[in-house]
Amino acid sequence: MAASPSTARAINDRLALRLLQHEGPLTAGQLKELTGLSRPTVADLVERLTAAGLIEVAGEARAQRRGPNAKLYGIVAGRAHLAALDVRTEGVALVVSDLVGMVLAEASLPIADDTGTGPAVEQAVALVERTAKEAGADRLHTVGIGAPGLIDPATGELRDSTGLPEWHRRLVAALQERLPEARVSVENETNLAALAEQRDGAASDRDTFVLLWLGHGTGAAVILDGTLRRGASGGTGEIGFLPVPGTRGLPSATDCTGGFHSLAGAAAVARLAADHGIAPDPGAGPEAAGAVRAAVSAPGNPAPARFLDTLADRVAVGVASVVALLDPGCVVLGGELGQAGGTELAARVQDRLTTLSPLPVEVRPSTLGGGAVLRGALLTARDHAQDELFGVPGH
């Protein structure tokens with residue numbers, strides 16, 4: 001059945017806006033060429049989107065032949081302001097951007113373990129308000145938050161998780177209370193990192209892949225056919241609980257000790273490095289990541305090579321399980337340990353998989369590193385804001 005005129009206009013408008021988002025400012029002629037729409041239809045949508053305050057003249061394109069330069073149209077970036085937060089056990093990192101994702105201000109705040117829940121929440125909320133003011137944002141339209149832990153798929157809320165600070169859960173509600181006009185959403189940090197790697201990073205050429213997060217905790221995010229898969233309870237990728245050989249026990253419903261986390265989590269990797277006599281690079285961040293980085297930077301020495309080989313053996317156990325279940329064709333090693341290991345660790349893991357699995361898989365290091373969660377939170381906030389603002393222009 002043919003679309004109604006209003007539906008056709010909405011589809012055309014959304015197509016044009018998405019092109020302007022991905023390509024940057026375009027002329028009416030370029031919009032015509034890229035959309036396949038007629039010149040009058042493009043003229044109508046440009047007029048409609050301009051009147052709705054969604055696009056504006058952003059400059060001029062130099063004409064190839066004689067005649068006036070063509071107007072360039074771009075999204076009105078100041079139409080909305082966004083915030084993205086990366087919430088960790090030790091603090092918060094934050095960026096504030098305009099509607100097209102241009103970062104206007106950024107900040108971070110350490111929060112000590114002995115900080116009470118109330119003071120920790122207040123410090124984090126105050127940081128958001130202060131940074132938004134520095135960015136010139138009178139109000140925030142959308143706030144995207146990345147945090148460790150499970151997200152309830154029914155409510156979209158961060159579930160109570162053993163071992164995570166209580167202020168994490170309280171922060172979401174506090175931000176919504178202090179920013180009543182903003183849409184506040186939270187997503188698992190590993191899922192956001194995977195979305196960022198899919199859009200801008202190591203998996204930009206893949207519709208199906210798994211991101212294996214190696215850091216303070218371990219986790220995985222699954223992208224199948226271009227879509228993030230969360231599972232029935234939001235727990236897809238809780239690979240830290242995966243029972244594996246090489247540990248002294250089995251994980252429980254409340255403790256992943258004995259699971260893959262006990263092989264590849266930061267604490268286990270730090271102990272492994274110490275056993276091999278590997279000292280972390282000074283000032284290189286967390287101890288485990290510093291040790292991995294030190295080993296990578298000394299490839300000719302036997303001890304660092306043995307350490308990396310053993311670490312690759314451990315990581316490959318988890319990757320092989322993922323490959324056997326999902327056959328993703330590509331696994332990205334993320335988190336601070338994946339970033340520190342780089343191509344050296346990725347190549348070792350891939351080499352071991354050739355003997356563990358009959359399925360072909362390419363193992364790649366993250367290209368976004370520690371910024372992947374924040375980047376994913378910003379991309380998600382931008383998508384939410386644009387979905388709302390671009391949904392019904394002129395209708």
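The points below take the sheet and then the cavity.

This is a predicted model, in which local features need pLDDT of at least 70 and side-chain atom pairs count only at pLDDT 80 or more, while totals for chains, interfaces and linings use all residues. Residues are numbered from 1 along each chain as its sequence is written, and side-chain values use heavy atoms, with hydrogens and water left out.

**Sheet**

- An open sheet of mixed pairing is formed by five strands in the order S10-S9-S8-S11-S12, where strands (E, at least two residues) and helices (H or I, at least four) are DSSP runs numbered from the N terminus, and two strands pair if DSSP finds at least two bridges between them.
- Strand S10 (227-229) and strand S12 (362-365) are the edge strands, each pairing on one side only, and the twist from one strand to the next averages 25°.
- Six bridges join strand S8 (residues 209-214) to strand S9 (residues 218-224) in the antiparallel sense, and Val-210 has Val-222 in S9 as its bridge partner.

**Helix across the sheet**

- Helix H11 (residues 335-356) lies across S8, strand S11 (330-334) and S12, and runs at about 160° to S12; axes are lines fitted to C-alpha atoms, for helices over the stretch in contact, with angles from 0 to 180 degrees between N-to-C directions, and contact means heavy atoms within 4.5 Å.

**Cavity**

- The structure holds two cavities of 30 Å³ or more, a cavity being a set of points on a 1 Å grid over the protein atoms alone where a 1.4 Å probe fits but cannot get out.
- The second largest cavity has a volume of about 30 Å³, a volume being the space filled by probe spheres set on the points, which are joined across faces, edges and corners.
- Its lining residues (an atom within 4 Å of a point) include Leu-214, Val-292 and Leu-345, and helix H10 (302-326) and H11 are the elements that give two or more residues to the lining of this second largest cavity.

Key
1 Å grid on protein atoms, 1.4 Å probe; cavity = no way out; pocket = protein on both sides within 12 Å on 5 of 7 lines; lining within 4 Å.
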